[in-house]
Amino acid sequence: GNDGGPPRVHLVGHSFGATVAVSLLCGIAFWQLDRGDFDTVLSRIGLAFFLCLYFTLTALVSLGMWQHERMLYFHEHGAGAYGPAAFLASKAIFELLPLRVLPSLLCAAIVYPMAGLRADDAHGAAAAALFAGALCLANLCTSVAFTSIGMLAKSPGVATLTATLFSLLNLLFSGFLVSPRTLAGYGPVAAALPRLSYFYYFFELFTSNELLGAVVMVQPQTVDLPPVPLPGIEILAQLGYETGKCSRLLGGGGGGCAYSLYVLGGWVAAGLALSYLVLRFCVKDPH
């Protein structure tokens, strides 16, 4: 451990164990979803929302590490042992990789085949890699944002409260709880709010990866009519996500929107840059 903080090796072990347990439960709850059934569309989005929520809550556990490392950093940095860039590089290697990236990959490896996401598709392997990459990037976005919040906050309580509010706002405007089409009806400012949420780009990438190139059968529930086939692109349009305007990451008219993946990567890069600037110019040794 660092200065009384929780030992990272134990935290990594608990993180892997919890991820395996939660992933197995998700795989059972969302077992072999039929890609051509409209009822599973919301189930798939619900699965993505739950995974976002799980990794957000687990990221709160490591939020207080900076509070334990603060005085150690001041002491060693003041002695000239290393600078902000070296400190952040070490956190990326020994915290982001084992606590954020590897659990995301493990979760994707368990959930994807159990839930049957694009299991019958010719591009299933590439789509699975795209899902795993999107989950990793969303997890990293949360972690780098929490790192900056933890550095700026004066106490663990303030850091936890700020990070919780930040996460709730990102989930609120992710496109799952409030439709982007509904927000667009309130004016251009409200319409732009989803673009400020990195979860929006994750949901857009996930749903487009699942629905583009697919035909979904909608079974009327209140009238005696045969099932109606709808292309996945129409369902995406009804949900308020990008459809025909985006460049596809997979062939055959399917796959996720390329720009969503690039924006998630940009969020991670911007978060790391912000963490460096905060550590370099805003965090001061009280002594």
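Predicted model: local features only at pLDDT ≥ 70, side-chain atom pairs only at ≥ 80, totals over all residues.

Reply: Residues are numbered from 1 along each chain as its sequence is written, and side-chain values use heavy atoms, with hydrogens and water left out.

To take the first point, the protein chain exposes about 13,300 Å², and carbon and sulfur atoms supply 70% of that area; accessible areas come from the Shrake-Rupley method with a 1.4 Å probe, and for residues only the protein chains shown count as cover.

The protein chain has 11 helices and 2 strands, where helices (H or I, at least four residues) and strands (E, at least two) are DSSP runs numbered from the N terminus. Along the sequence, their pattern is α-α-α-α-α-α-α-α-α-β-β-α-α.

With a relative accessible area of 0%, leucine 264 is buried, a word that here means under 20% relative accessible area, with exposed meaning over 50% and partly exposed in between (1.4 Å probe, protein chains only). In the chain as a whole, 46% of the 287 residues count as buried.

Which residues surround this leucine? Setting aside neighbours within four places in sequence, leucine 264 is in contact with Ala134, Leu137, Cys141, Tyr198, Tyr201, Phe202 and Leu205, contact meaning heavy atoms within 4.5 Å. The C-alpha atoms of leucine 264 and phenylalanine 199 are 8.8 Å apart, although 65 residues separate the two along the chain. Across the protein chain, residues 24 or more positions apart account for 75% of the contacts with a separation of 6 or more.

The structure holds 0 disulfides, a disulfide being a pair of cysteine sulfur atoms within 2.5 Å. Cysteine 141 is accordingly in no disulfide, and the nearest cysteine sulfur, that of cysteine 52, is 10 Å away. Like leucine 264, which has a relative accessible area of 0%, cysteine 141 is buried, with a relative accessible area of 1%.
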